[in-house]
Amino acid sequence: MTGETLEGFVDADEAAKFLFLKRRRILELARAGKLPGHPIGDCARRVWRFRLSELAAAVTVTDKSLFTSRKKASMVRGKAVPDAVE
């Protein structure tokens with residue numbers, strides 16, 4: 001071995017703490033392919049594991065809008081236009 005240690009995997013809870021998101025949002029983004037994740041199992045209810053280095057790399061190069069919900073984004077857009085007619 002060359003002295004390198006393999007990075008371990010973390011669960012969705014630890015990934016959520018790392019990115020300051022909710023666990024549910026982490027899983028949504030992973031299922032959509034917007035966050036790097038590793039699904040374990042072939043059934044409909046998979047277990048997801050993450051590497052913190054992959055998550056860090058993804059958020060530094062990825063458009064930050066991926067991490068906001070559509071509902072929040074539409075609320076922000078609506079407020080950004082002061083004379084908008086609803």
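Q: How do H1 and H2 sit relative to each other?
A: They are roughly perpendicular, because the angle between them is about 100 degrees. Their axes are 8 Å apart. Keep in mind that this is a predicted model.

Q: Which residues in H1 and H2 meet?
A: From H1, Ala12, Asp13, Ala15, Ala16 and Leu19. From H2, Arg23, Ile26 and Leu27.

Q: And how do the residues of that contact of H1 with H2 divide by class?
A: There are 6 nonpolar, no polar and 2 charged residues.

Q: What about H1 and H3, at what angle do they pack?
A: About 40 degrees, with axes 11 Å apart. H3 covers residues 52-61. That angle makes H1 oblique to H3.

Q: Is the crossing of H1 and H3 left-handed or right-handed?
A: Right-handed. H1 brings Ala15, Phe18 and Leu19 to the contact. H3 brings Leu52, Leu55, Ala56 and Val59. In that contact of H1 with H3, 7 residues are nonpolar, with no polar and no charged ones.

Q: New topic: how much space lies in the largest pocket?
A: About 270 Å³.

Q: Which helices and strand each supply at least two residues of its lining?
A: Helix H1 (12-19), helix H2 (23-31) and strand E2 (47-49).

Q: What classes of residue are in the lining of the largest pocket?
A: It has 5 nonpolar, no polar and 7 charged residues. The lining includes Asp11, Asp13, Arg23, Arg31 and Trp48. Ala12 and Leu27 are also among the lining residues, and both take part in the meeting of H1 with H2.

Note on methods
Residues numbered from 1 in each chain as written. Predicted model: local features only at pLDDT ≥ 70, side-chain atom pairs only at ≥ 80, totals over all residues. Heavy atoms only, no water. 1 Å grid on protein atoms, 1.4 Å probe; cavity = no way out; pocket = protein on both sides within 12 Å on 5 of 7 lines; lining within 4 Å. Points joined across faces, edges and corners; volume = space filled by probe spheres on them. Helix = DSSP H or I, 4+ residues; strand = E, 2+ residues; numbered from the N terminus. Nonpolar A, V, L, I, M, F, W, Y, C, P; charged D, E, K, R; others polar. Axes fitted to C-alpha atoms, helices over the stretch in contact; angles between N-to-C directions. Parallel < 35°, antiparallel > 145°, perpendicular 65-115°, else oblique. Left-handed = near helix turned anticlockwise from the far one by under 90°. Contact = heavy atoms within 4.5 Å.
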